[in-house]
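Thanks for coming, everyone. I will walk through one model this morning, chain by chain. Have a look at it before I start.

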Amino acid sequence: MMDCRRKAQISRAILVLSTVVTGSMALVIFLFLFRFSLPLFSSGSLGKFLSKNWDPDAGAFGVYPMIAGSACIASLAMVLAAPLGVALAVFMELYAGSRFSRFLRYFVELMSGIPTVVYGFSALFILVPLVRNTFRYGSGFCVLSASLVLALLVIPTVSLITMDRIREVPRDFVLAAGSLGASRLETLLRVQLPYAWRGVISAVVLGGGRALGDTIIALMLAGNAVSVPSSLLDSARTLTAHIALVSAADYESLSFKAIFLCGLVLFLFSMFSIVFLRVVERLKE
Amino acid sequence: MNRVVVLTIKVLLWVTAVVVPCFVGMLLFFLLDKGLPVISLKLLFGDVAPVKALLLRERVFDGIFPAMAGTFLVVLLSVMWAIPMGVLSGIYVAEFAGGTVKKILDISFDVLASVPSIVIGLFGLTLAIFLHKNISHRIYPCLLISSAALAILILPYIVRTTELSIESVSLPLRLAGLSLGATKQRNLLSVILPRCSGGILSGVILATGRAAEDTAVIMLTGVVASAGIPHSLFSRFEALPFYIYYISSQYADQYELKKGFGAAIVLLIITGMLFGFAHLLKKLVARKINGFD
Amino acid sequence: MSASAGNWKIAVENLDVFYGTRQVLKNVNVEAAEKSLTCIVGPSGCGKSTFLMAINRLIDEIPGAKAKGKIRVKLNDSHPMDVLKLGDDRLPQLRRRIGLVFQNPNVLPMSVFNNVAFPLKIMRARKKEIEEKVENALKKVSLWEEVRSRLNYPARELSGGQQQRLCLARVLAMGPEILLLDEPTSFLDERLAIKIESLLMELKKEITIVMVSHYLSQVNRLADRVYRLG
Amino acid sequence: MKKTVMINLCLLLTLLFSVYGFAGGLDLFEGLSGTLRIAGGTAHIKCEMLAGKRIMRRFPGITIIIGGGGSGVGIKQLCEGLIDIGNTGRAPTAAEIERCNLNVYKFAVDGIAVIVNPQRKIQNISTAQLVNVFSGKTTNWKELGGPDATINVYTRDSESGTRKVFWKKGLKRAPITRRANFVKSNAAMKTAVAGDPLGIGYISLGVADSSVKPLAIDGIYPSIENVKTGKYKIARGLYMNTRGKPGGLARAFIDYMLSPEGQELVKGCGFLPVK
């Protein structure tokens, strides 16, 4: 009997221990990003690191162009992916049961499994020359190319979450709307989608997080110029690509500290988006 | 609704439903068109006899075999770290944590899941440098560091699927075990876990796919363009996604570029198989649950 | 072969309904005369609700459900038709003419006003017309006085009885020719039940009603004809 | 006549021997095993890879890992002790040498060429034009006698030794436009300009091949001959650096690169050998 209780205690201790480790991982990563970028805050030189210039030889470590680049590329990707993703979800629900709709569902799931580097690799040889030749401006490595491919990356996230949330709308509402003479499309647009608006927001925010957090597509397709893009055909660098490009070994150096600032910005954004979602999900109608 | 409006909406929906797959299809078709003719034993092993390469008798310099082996090893290791930690944490969150603790843990895992992989890579890199400076000069960015960082990347997925699978076990089934005098632990082990092992497994496979395709984490933590097959945890290594990225930016000649296409297809096949298997498993699990309840 | 002579409105012949492989209704034959009240009775779970949903083809919205047989309906200004043979695109029209009120009040997640206005908005009625029709419908089910000050509140905040009457009002606002009712008084106290019953007596002078009920006394009071299922 | 044939034959034989590694060079590695880590300058990679393959084919116990990153990264990683040899495409600065106690080995001389896509007709560019293009003042090929299209400038990041030398000797320290696309290595520069008909960049002579077109600067063509005679000015040494005195594999590798066999390899790579 005693033995049994002992066993229970041990197994419980193991569970608690592993949970403490995994559960605190996010916090650990945050603390370490914060710890290494802390000198930037305390020395009052934060302004220098948020300036528009990145030129380590000249002692300029501004990451503002990268913040702007990330914002441009991710938001353009979302402008494309959000409506397309929601439209795909609505389409799949509207024609649920049809062969094409089922194919589409498989296809979107398949899309979510395509490695990002494969997307980037293909787009490098098709999309970049296409953009270059179509617009006859710039190298084709630009905000537009990266955003288009990022949109493809994000569409499955948006449409699969939206579709799940549409399906969670109680059947009663669908039947009620149907019995009142609403067509399937009307039911979807007037009842199901409005009822699932929190789900749509979740889908878009999570998709946006994916677009902002992806490294390889922007790295391969955006051209990585350190300047604030002024047109969609301009080359730009994202925060993530910047971290990948500035390979350094010395975490005391200023360029490495600037990298931690980039990491911190990315981390804070993902944290706030999660908190934002929690708040939205808790909102009443 | 107005007929015109309805028609417009339907046309837009159809256009979306056709254009998006076409666009993706175009990218994939291009890849297959260029890459399929390259797929051969030569792509994998170069001029070395496959058997010799597989038995590690001879080193492969001109094939993607070392990259495949590196990906396999780093993913295997990361899954080995992540499964026990993730499943145990998932069990704790689902069965034992209550109220505020559960809420905090849930948020923490959601945040971890949304942290960009390059940030996790940065964490791994700094950890490696820190260990190198302060613990042992023998530690570099390497297979061990990479696999640990990848494990952090996939941990939240495993925790969440474990948690959700356990919570989806119906109350009557739970009570059935308990009412027969089983302890909570006993019930968990012999009733609940077997019941949701399929769900957990499909989550683990999806996470494996995630680890196999990620480039950003390994890029900062020890992958290189040519290293051969790693012979210890402290070796640098090659990996397929990084190889593809590397070739894309600096192929020396057309043959090397073709190898890049071939490698992309191989990676696509690997992740595709993992995802397909996970979905199949999910479906089987769903059918089983529907069938019993 | 066809329905017996007379002024029938609905004639159901050899109706079978399946959910997946499970058969819910077997060889049902019902005939409802125009401007009368037909009652369907039977033990619970015998498929009464399914029967109603088959008539306006709402079972199409239930995954895996399938109906076989004939459901012929004679609507004003059109030839008799077999409902089960209608194309998908004509279902919304059909359902507007054949109103269905569920047993459990399934109000839509919107305000009280919008619940009643929903079918009217879909039919693209004018704003003025909508307001009038909503008020009339709510008055008919004696709900107007109770909710006139709360028209913009979520319908879900109403009591069960109020919700049930709201659902009835919603259907009446469409101006249907046929009314399908599933236990229309189950959530109401006696006083209100009597009110609704007298409303139904009034309504059946104008439209055809098919009602499911298991209050035998109610059936005896209201029905022109009674069918037993199961 | 007969004599020249004899000499040619001899040369051929030595070449063959050196290729197959009988001629002593590889013997430096006899009895050694383990891992040699090299990183940094990217002009070195191709040549060192060739050497590495030869060595690893002969000695299965030796692993040589060559990474990139740029000269700056090479020095930093070397200082941190993360690698054994740090490549630089420029001479390490006095500060770097002192801080990390560097031993510096120059094993080749390299030129840096301005390259465009072979589709461009342009053959020559003046220093003034070059400065204008790279600082972003000249933005259209029309101004260089080409079609009416934008010039896409490709550059390297601040870790690059190639960039530092090109900036100093080619651009006379004029700033490089911030709108320039960044590439990660010399090889990546070649790939980028070969793929962009409107691109312009700068690259190690040893890495350039027929997929890109080098431009003469002020009438002087960037060939290894012109580098040798000193006519082409944008040239630099290629260095291997170690922290303190090298030992073991690092010592052997450096010796090998400086041996006749290694220097032959250097020549084959399109660089000027130092011996």
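**Chain D first, then its partners**

In chain D, take the contacts between residues at least 6 apart in sequence: 76% of them join residues at least 24 apart. Contact here means heavy atoms within 4.5 Å.

Some ground rules. This is a predicted model, where local features need pLDDT of at least 70, side-chain atom pairs count only at pLDDT 80 or more, and totals for chains, interfaces and linings use all residues. Residues are numbered from 1 along each chain as its sequence is written, chains are lettered from A and ligands numbered from 1 in the order in which they are written, and side-chain values use heavy atoms, with hydrogens and water left out.

Back to chain D. What is its secondary structure? Chain D has 10 helices and 11 strands. Those are DSSP runs, numbered from the N terminus: helices are H or I with at least four residues, strands are E with at least two. The radius of gyration of chain D is 20 Å, close to the 19 Å from the globule rule for 275 residues, so chain D is as compact as a globular protein of that length. That radius is taken over C-alpha atoms, and the rule is 2.2 Å times the number of residues to the power 0.38. The box around the C-alpha atoms of chain D is roughly 60 × 60 × 30 Å along the principal axes.

Now burial. Of the 275 residues in chain D, 60% count as buried. Buried means under 20% relative accessible area, exposed means over 50%, and partly exposed is in between, with a 1.4 Å probe and protein chains only. The accessible surface of chain D is about 11,400 Å², and 59% of that belongs to carbon and sulfur atoms. Areas come from the Shrake-Rupley method with a 1.4 Å probe; for residues, only the protein chains shown count as cover.

Charges next. Chain D carries 37 positive and 19 negative side chains, and the centres of the two sets lie 4 Å apart. Lys and Arg count as positive, Asp and Glu as negative; His and the chain ends are left out. Each charge is placed at NZ of Lys, CZ of Arg, CG of Asp or CD of Glu.

Let me zoom in on one helix. Helix α5 of chain D covers residues 127-135. Which of its residues are buried? They are Thr127(D), Leu130(D), Val131(D), Val133(D), Phe134(D) and Ser135(D). An α-helix has 3.6 residues a turn, so residues three or four places apart point the same way. The buried residues of α5(D) pack against strands β4 (102-116), β5 (124-125), β6 (152-156), β8 (199-204) and β9 (213-217), plus helix α6 (161-170), in chain D. Just after α5(D) comes Gly136(D), with a positive phi of about 90 degrees.

One loop residue as well. Asp209(D) sits in the loop between β8 and β9 of chain D. Is Asp209(D) buried, exposed or partly exposed? Asp209(D) is partly exposed, at a relative accessible area of 30%. Leaving aside neighbours within four places in sequence, Asp209(D) is in contact with Ala252(B) and Lys190(D).

That takes us to the interface. Chain B gives 19 residues to the contact and chain D gives 23 residues. Together, chain B and chain D bury about 1,900 Å², with 50% of it on carbon and sulfur atoms. Buried area is the accessible area, again with a 1.4 Å probe, that two parts lose on being put together, summed over both. On the chain B side, Arg59(B), Phe61(B) and Tyr140(B) lose the most area to chain D, together 32% of what that side buries.

Chain B itself has 12 helices and 0 strands. Its C-alpha trace spans about 70 × 70 × 35 Å along the principal axes. Of the 293 residues of chain B, 55% are buried. Chain B has an accessible surface of about 12,700 Å², with 72% belonging to carbon and sulfur atoms.

Chain A has 13 helices and 2 strands. Of its 285 residues, 60% are buried. Chain A exposes about 10,900 Å², and carbon and sulfur atoms supply 67% of it.

Last, the assembly. Which chains share the most contacts? Of the 5 pairs of chains in contact, chains A and B do. No contact joins chain C and chain D; their closest C-alpha atoms lie 52 Å apart.
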